[in-house]
Amino acid sequence: MKIFVQTDNFNTLNEAVKTDCDGIRFGPEFCEFKVSSLGILEKAYEVTNAAAKEFTYVTPRLSETAIKKIGPHLDFLNKQGKISVVVNDLGVLSIIEQRSNLKPHFGRQLIYVPARSPWDKVPSGTLEASTKFLERRKNVGLFYQTSLNHEPMLKFLKEHKVKDLDVDWIPDGFQHLGSLVKNGFNLFVILHLVPAAITRRCHTARFLDEESPEKCRRPCDEHSFLLKNTILGIDLFLSGNVVFRLVQPSEKDIDKLRRIGIKELVITTNPITRIDGRERIDEVMKRLKT
Amino acid sequence: MLMSRNKDDRSMPKLLAPIKSFEGAVKVIRAGADELYCDSPIPGMDFVLYRGPEACVSTYDELGEIVKYAHDNNVKVYITANLPFIIDSFENKMKKHLRSCLDAGVDAFIVGNLGLLSTIKSMNADIPLHASTYLTSMNHEAVNFLERLGFNRITLERQLTIKEISEIVLNTRAEIEILIHGGGCSNFNGGCYFHFAYPEKMATALMMTDGLNPPCRLHFDVYDLNNERINLGNFPILDAFEFCSLCKLPELMQTGVTGFKFAGRECPIAFQESSTRIYRELMDLIARGELGLFKEKLDSLKNGDFIALPPQIATLRELVCEQKRCFYFSHFHAPYKIPISWHAWTKFQLQKQVGVKH
């Protein structure tokens with residue numbers, strides 16, 4: 001299996017290129033305010049290239065303000081040759097379609113996955129009258145399917161030359177990924193963190209009293225929080241503008257992925273997983289490979 | 001940069017009200033709605049409705065009656081086909097449902113999924129398509145992309161500024177719609193899974209919240225990653241829920257958007273009707289340039305006069321104005337319910353320094 005390391009931080013990228021990983025995915029998956037300057041992107045590309053690693057650029061959802069920044073980044077990458085860009089915004093997909101060397105790679109935010117629910121499991125037992133949506137389900141399996149389990153959606157992706165797709169580490173949903181592999185899609189499974197909610201009104205920035213997006217000191221680079229609701233008995237993690245559910249990968253599930261034919265895994269660097277430097281990345285990779 | 005519209009070409013936005021019954025439709029049309037939108041249960045699939053059957057028009061016959069009444073009054077009716085996701089096993093039921101809605105005479109489908117868009121296109125249905133907020137459109141590139149795919153109107157994600165909305169309008173030929181009143185999500189509508197599969201104790205957990213109670217207002221104990229509790233009590237750290245844009249109405253009318261939409265299909269008819277009436281009146285005052293009267297009216301609304309709210313809300317001033325639950329505020333604005341500190345970080349640091357543990 002190929003292993004990619006994803007980071008939005010140049011210092012971490014410098015560490016990651018020294019590991020045995022097969023590729024680097026650089027850029028913020030969720031926060032438009034963390035999109036780097038063009039200069040940093042150029043350096044990131046250069047360092048990754050010098051280390052003979054595959055380079056993928058990751059982009060988040062973008063507002064009207066933020067999308068203006070991304071055009072020059074995509075122009076730069078387009079000049080470097082065939083490069084994959086993880087797209088989480090249809091506006092970015094539109095820009096990429098005008099740049100022949102760039103290869104669109106659908107990010108997690110463009111794929112709907114009910115099982116990202118922060119409550120983790122479909123509750124069992126009698127359904128209450130006041131409950132909502134999938135709790136009214138007649139088919140539990142539905143919960144683990146995604147918008148990719150729809151033929152017209154796959155047709156849309158093919159029409160737009162999308163072959164690479166990011167998917168979550170949700171082991172109960174792996175059974176629905178096999179048909180995608182058979183359909184010719186390359187799936188990149190992102191380990192550990194399943195995004196349950198994403199906002200532009202950054203929950204961390206609000207909590208830590210950041211004044212404005214422009215002046216944000218990026219406290220999320222160092223601080224994440226564990227959120228506990230004792231009534232529900234749940235633990236969630238807040239990292240920047242995303243609420244995550246943490247799922248630890250198991251050997252059994254990695255085997256399951258291998259059998260399905262999935263060849264790419266992604267490790268994200270993050271204070272929650274404490275994967276933040278060369279040693280930790282190597283340690284996780286070693287565990288995954290053995 | 002493509003400038004598709006002249007800044008002065010800004011006609012009055014249409015007022016788009018939610019309904020769930022014929023009675024509601026009659027009332028909101030009389031209150032001044034220009035357009036209506038509603039949901040209808042999908043036979044054999046009502047269990048996947050996001051808001052539940054109580055937020056839907058009950059039958060296709062009732063939908064047909066609504067459409068007839070609305071058309072007689074020169075009002076259009078749009079149907080939400082915006083399930084957040086669709087899979088192969090839904091396909092046939094969904095197609096049948098859409099055909100029944102077409103037979104009822106609806107004027108557009110509101111679509112929240114690219115797969116469903118392909119399905120509708122395969123049906124060769126000659127009907128305008130509106131892109132739902134589930135598609136999270138936040139920039140003109142995305143809007144123009146959706147227009148090329150076949151959407152006539154795009155509802156923007158709520159988490160934009162008024163300046164950004166204006167810029168998007170200027171750079172597209174598509175009709176742009178924005179949400180202005182009713183439940184505004186703390187998270188991206190298309191990227192929030194808090195509504196999926198409520199655990200059994202959710203109702204109990206939500207009793208901790210007061211008034212508005214979407215799950216993003218749940219109370220949490222907050223810990224750092226060393227498992228040390230941050231001593232701010234049990235509070236709704238994820239709460240950026242917004243509700244109203246009355247004060248910003250003059251600015252929003254200047255953006256050039258095609259439609260102003262309320263959320264609230266599940267709300268009582270009284271809420272749907274009074275919200276429509278209030279916004280109609282205020283928009284007409286602004287259009288006539290009577291800004292003094294607009295401000296007077298606004299003050300009386302803030303003092304709790306004549307706006308019906310969902311039953312769990314006390315007054316507009318208490319639970320909306322005082323907490324600044326305003327649409328299109330700057331992105332980091334924090335409508336936490338007091339006593340949550342707006343200087344939480346300082347407190348956190350101080351506690352760390354003195355080694356407070358819980």
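1. Residues are numbered from 1 along each chain as its sequence is written, and chains are lettered from A in the order in which they are written. Because the model is predicted, local features need pLDDT of at least 70 and side-chain atom pairs count only at pLDDT 80 or more, whereas totals for chains, interfaces and linings use all residues.

2. Chain A contains nine helices and twelve strands, where helices (H or I, at least four residues) and strands (E, at least two) are DSSP runs numbered from the N terminus. Its radius of gyration, taken over C-alpha atoms, is 19 Å, close to the 19 Å that the globule rule gives for 290 residues, so the chain is as compact as a globular protein of that length; the rule is 2.2 Å times the number of residues to the power 0.38.

3. Of the 290 residues in chain A, 53% are buried, which requires 20 or more other C-beta atoms within 10 Å of the residue's own, while exposed residues have 12 or fewer and partly exposed ones lie in between, with C-beta atoms placed from the backbone.

4. In H2(A), which spans residues 38-50, the buried residues are Leu41(A), Ala44(A), Tyr45(A) and Thr48(A). Seen down the helix axis, the buried residues of H2(A) fall within an arc of 95 degrees (that of the directions from the axis to the C-beta atoms), so they line one face. The face turned away from the buried side carries the exposed residues Gly39(A), Glu46(A) and Ala50(A).

5. After H2(A) comes Ala52(A), whose phi is positive, near 55 degrees.

Conventions. The expected span of a helix is 1.5 Å times one less than its number of residues.
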